[in-house]
Amino acid sequence: MLDRIRIRPYKAADADTILSWCQDEKAFYQWTAGIFGAYPATQKEFCFVESLMPFTAFDETGIVGFFTLRNPDRGLDELRFGFVIVSPGARGKGYGKGMLQLGLEFVFGIYGAKRASLGVFENNLPAYYCYKAVGFRDVVLGTTEKYCILGEEWKCREMVMEKRALCGNQ
């Protein structure tokens, strides 16, 4: 079944389905870091993703995932994943890994970037282990990005994958 996952450009009609996947505040903030505003986000707030490179993952059952890509600086060497989410019914079944692998094909094969990056909250272990399984590695920075969310301090891990690392995994 996982070989049937595809990605396509995001359509505004996908928003309601994607937004329905976060059914509690903690999951919402783990996904958005508050970028869309307070929980729950509206379709109007979610339209922010259209300013990025948004992708929807799907299979024969419908939409199963979503992520964005953006260029974090003026160079052309890096694309950064953001807002990565998989539908609740598809979690733990390899859909996230499959979706990210397709995204990496775009990053390295089509866009020609030399590096992919992303950030993940330390309290989001399922996402962290998914990224590790795909081949992302932790980067130790001089400072750790911190957010105050739901009255707690959440630390964000930085992760990267170099193009040669992906080629070595194939």
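**Close-up views of the predicted model**

**View 1. Residue A33 in a loop.** A33 belongs to the loop that connects α2 and α3. The model shown here and in the following views is predicted. Although A33 is not a glycine, its phi is positive, at about 55°. Its relative accessibility is 23%, and A33 is therefore classed as partly exposed, since the buried class ends under 20%.

**View 2. The peptide bond between Y39 and P40.** The bond leading from Y39 to P40 is cis, and its omega is near -10°. P40 is placed in the loop between α2 (25-32) and α3 (43-46). For context, most peptide bonds are trans, and most residues other than glycine have a negative phi.

View 3. With a relative accessible area of 43%, L150 is partly exposed.

**View 4. The largest nonpolar core.** This core comprises 29 residues, of which L69, F81, L104, V107, Y131 and F136 touch the most other members. Two or more residues are contributed by each of the strands β2 (53-59), β3 (62-70), β4 (78-86), β5 (115-121) and β8 (152-162), and by the helices α4 (95-110) and α5 (125-134). Helix α4 supplies the largest share, 7 residues.

Notes: Residues numbered from 1 in each chain as written. Predicted model: local features only at pLDDT ≥ 70, side-chain atom pairs only at ≥ 80, totals over all residues. Heavy atoms only, no water. Core = buried A, V, L, I, M, F, W, Y, C linked by side-chain atoms within 4.5 Å. Buried < 20%, exposed > 50% of the residue type's maximum accessible area, 1.4 Å probe, protein only. Helix = DSSP H or I, 4+ residues; strand = E, 2+ residues; numbered from the N terminus.
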